[in-house]
Amino acid sequence: MSRAHNFCAGPAALPEAVLQRAQAEMLDWQDKGLSVMEMSHRSADYVAIAEQAEQDLRDLMQIPDHYKVLFMQGGASQQFAQIPLNLLPEGKVADYIDTGIWSRKSSQEAARFGQINIAASGKELDYFGIPEQSQWQLTPDAAYVHYASNETIGGVQFNWVPQTGEVPLVVDMSSDILSRQINVADFGMIYAGAQKNIGPSGLVVAIIREDLLGQARAICPTMLNYQTAADNGSMYNTPPTYAWYLAGLVFQWLKEQGGVAAMEARNREKQALLYSAIDQSELYNNPVALNARSWMNIPFRLADERLDKAFLVGAEARGLLNLKGHRSVGGMRASIYNAVDIHSVQALVDYMREFEKEQA
């Protein structure tokens with residue numbers, strides 16, 4: 001069987017080795033005669049799977065002991081409401097940085113539960129860049145400062161960490177978690193939908209400093225209270241067990257590849273290859289500011305949009321899938337998460353050059 005080159009933004013490519021292992025264990029996990037998805041989440045076997053997944057993630061990201069790691073249902077969009085319900089007390093203000101569609105959606109949802117200050121926006125930059133922090137209008141006693149480290153649709157990424165002093169920094173890392181090294185201690189909370197660099201959809205991972213727990217509003221549903229999740233080992237109810245198991249396999253795979261440092265080196269090489277091909281071309285262009293270009297989601301446009309359909313048809317014929325840009329912005333987009341290897345990026349670059357020659 002030949003595997004395609006999958007550039008989907010999410011649900012995204014998973015490591016082939018992980019899929020093969022899951023396939024081998026599908027019907028009979030470790031000679032137990034059943035699948036992981038058939039196990040009780042309270043069983044000793046499944047608890048061991050869950051605990052190993054958490055420990056592997058802690059190892060990969062060097063997560064300090066005073067942070068809780070939560071594996072919860074839903075995606076990052078559910079966190080847009082869950083965060084203010086837990087971290088924004090009545091009468092306080094939360095600062096939000098608007099750099100694109102996902103950060104804007106997070107602020108709009110949070111505004112339903114409390115006072116929100118848009119401390120900075122990329123609107124004046126047409127969302128092709130990130131305002132320097134010296135231009136931000138931060139609230140000195142804000143409950144937290146929220147931003148998205150990578151905008152999946154716009155292809156805009158923070159290549160620096162905002163400095164917020166004593167105000168907790170909350171970051172949506174759905175599309176770039178585990179892609180490069182970070183210092184977890186710089187953040188009050190990190191959260192990420194799983195379906196890009198962690199595993200299949202339906203699971204969200206939250207890494208939260210312990211002193212931020214226990215502040216949920218009275219109206220916060222029990223299931224959305226981070227303290228509830230922390231007190232119950234993320235098993236207050238039946239969690240998405242198979243997605244958690246698959247995430248654990250991805251963490252093991254990442255360790256086998258050399259960890260986050262090794263992935264950072266690979267991702268640096270992949271994005272440099274693709275951006276170089278775009279920048280050297282007269283047919284393709286990427287409008288994002290050089291200091292804000294995403295490593296994970298690389299949008300590009302053809303000089304003549306009438307060629308878009310032909311480009312996509314040719315790409316699919318070569319097994320280069322899911323390159324159509326998001327419906328809100330058009331053009332093309334190549335998502336090159338951890339599981340997309342350099343050979344897939346090279347195949348895309350080769351096709352782009354071939355297609356451009358055909359148009360000359």
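1. A residue is called buried when its relative accessible area is under 20%, exposed when over 50%, and partly exposed in between, with a 1.4 Å probe and protein chains only. By that criterion Gly155 is buried, with a relative accessible area of 0%. Gly155 sits in the loop that joins strand S6 (150-151) to strand S7 (156-157).

2. On provenance, this is a predicted model, in which local features need pLDDT of at least 70 and side-chain atom pairs count only at pLDDT 80 or more, while totals for chains, interfaces and linings use all residues. Residues are numbered from 1 along each chain as its sequence is written, and side-chain values use heavy atoms, with hydrogens and water left out.

3. The chain has nine helices and 14 strands; these are DSSP runs numbered from the N terminus, helices being H or I of at least four residues and strands E of at least two. The radius of gyration of the chain is 21 Å, close to the 21 Å given by the globule rule for 360 residues, so the chain is as compact as a globular protein of that length. That radius is taken over C-alpha atoms, and the rule is 2.2 Å times the number of residues to the power 0.38. Along the principal axes, the C-alpha atoms fill a box of roughly 65 × 60 × 30 Å.

4. Of the 360 residues in the chain, 54% are buried. Contact means heavy atoms within 4.5 Å. Among contacts with a separation of 6 or more, residues 24 or more positions apart account for 67%.

5. Beyond its neighbours within four places in sequence, Gly155 is in contact with Val288, Ala292, Arg293, Ser294, Asn297 and Pro299. The C-alpha atoms of Gly155 and Asn117, which are 38 residues apart along the chain, are separated by 24 Å.

6. Thr152 also lies in the loop between S6 and S7 and counts as buried, at 6% relative accessibility. With neighbours within four places in sequence set aside, Thr152 is in contact with Ala9, Trp102, Ser175, Lys196, Asn297, Arg333 and Tyr337.

7. An unreviewed UniProt entry lists Ala76, Ser77, Trp102, Thr152, Asp172, Gln195, Asn237 and Thr238 under "binding site". These positions span 163 residues of sequence and are also spread in space, up to 30.7 Å between C-alpha atoms. UniProt positions follow the numbering used here, feature names are shortened, and annotations may be inferred rather than shown by experiment.
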